[in-house]
Amino acid sequence: MGAIGRLLREPLVHFLVLGGLLFAFFAWKGGGAGPGSTRIAITPGLVEHLASGFARTWQRPPTDAELKGLIDEHVKEEIATREAVAMGLDRDDTIIRRRLRQKMEFLVEDAVDQAVPTDAELQAWLERHADAFQPEPRVALRQVFVSAERRGGGGAAEAERLLARLRAAGPDARIDALGDASMLPTEMPLGPLSEVARSFGGEFAQRVDALAPLHWSGPVPSPYGLHLVLVAERLVPAPPALADVRPLVEREFLSERRKAQLQALYERLLKKYTVSIEMPQPEGGKQAAAAQATGEAPAPGGAR
C-alpha cells in the first residue's frame, strides 16, 4: 500500500492520468481529430458545451439561430487552427509557446491540488516555517530624548550623565523634565514592535527588542538623536495553533508542493532530451576566429 501511495503522488503519474482524461474529454467534445484531419465532428457533448457557455454568459439558453452561430464559429476556429498548425504558424511563436507551457503546468498543478493535505502534513510544514507565522512581539517603553544636533559634541556626554541618574532612580523615575523637548512620545503603551519602528525607525526598534526589561539602557540612536530607553513590558506571543492559521498554511503548503512537483516533472522529462548549448564568443574570440580563417593576425586591442 505504501508503494502504491508513493506512485500516486508522482507528478508524472498525475500528468499522464490527466492527459488521458483530457484526451477522452476532448474526444467527447469533438476535438479528437488531429490537425492534419479534414473531418470536423460536432458531437452532442460539444453542442452542450457551447450552449452552457452561452447560458453562463447571458443567463439564458441560446435560441436555435444563436446556437447555429456558435457552432459555425467553432467550425471556423477549428479550420483556422488546423490550417495555421499545418502552415507552421505555431512554431517559434513566443506567445503560443508560453501558453502551451502554462497549460501543461496547469495540468500538473490541478493534479497536485486534488490531493488534499492532511493535518499532519500541514502541522509539520507549520513547524518548519514557524518564524513566518510567529506573532509580532509587543513592547511598552519609556524614553528620554537627547538631541545630538542641539548639543553638538556634548550630546553623548549628556546622555551618559542622564543614564546614570535614571539608573539610580530606577524604573519608576520621573522623566517629564529630563532630556530635550521633541514631538516623540516619551512613553508607549504595550503594542506591536512595528509601532515603535514607525515612530523611531527600524534600527531603533531592533535595538529595543534586544534590551533587558525594567532596566534603563542606552544611549540608543535613532534618526532623530539619542535615547535612553526602559522596556517597561515585553510580551512574546506563543506560536499560533494550526487551527488559527490553517487557510494560510494550506495555501502556502500547496504553493510549495506545486513548485516541487513541477520541478520533479521537468527533471524527469529532461532525461528524454539532449540539450546542446553554444555560448556566443567574446568580441576578441570572434576577431581571432576571423583572422584564423583568412590567415591574418588580429590587430592588438581590436581592429581600428
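Student: Is R161 buried, exposed or partly exposed?

Tutor: Good place to start! This is a predicted model, where local features need pLDDT of at least 70, side-chain atom pairs count only at pLDDT 80 or more, and totals for chains, interfaces and linings use all residues. Residues are numbered from 1 along each chain as its sequence is written, and side-chain values use heavy atoms, with hydrogens and water left out. Buried means under 20% relative accessible area, exposed over 50%, and partly exposed in between (1.4 Å probe, protein chains only). R161 has a relative accessible area of 45%, so the class is partly exposed.

Student: Which residue meets R161 in a salt bridge?

Tutor: A salt bridge is a side-chain nitrogen of Lys or Arg within 4 Å of a carboxyl oxygen of Asp or Glu. Helices are DSSP runs (H or I, at least four residues), numbered from the N terminus. With an N to O distance of 2.7 Å, the partner is E158.

Student: What is the N to O distance between R198 and E195?

Tutor: Both belong to helix α10 (residues 193–200), three residues apart. R198 is exposed at 58%, while E195 is partly exposed at 34%. Their side chains meet in a salt bridge, N to O, at 2.5 Å.

Student: Which residues form one network with R246?

Tutor: R246 and E250 lie four residues apart in helix α12 (residues 242–270). Salt bridges that share partners join R246 into one network with D119 and E250.

Conventions. Helices (H or I, at least four residues) and strands (E, at least two) are DSSP runs, numbered from the N terminus.
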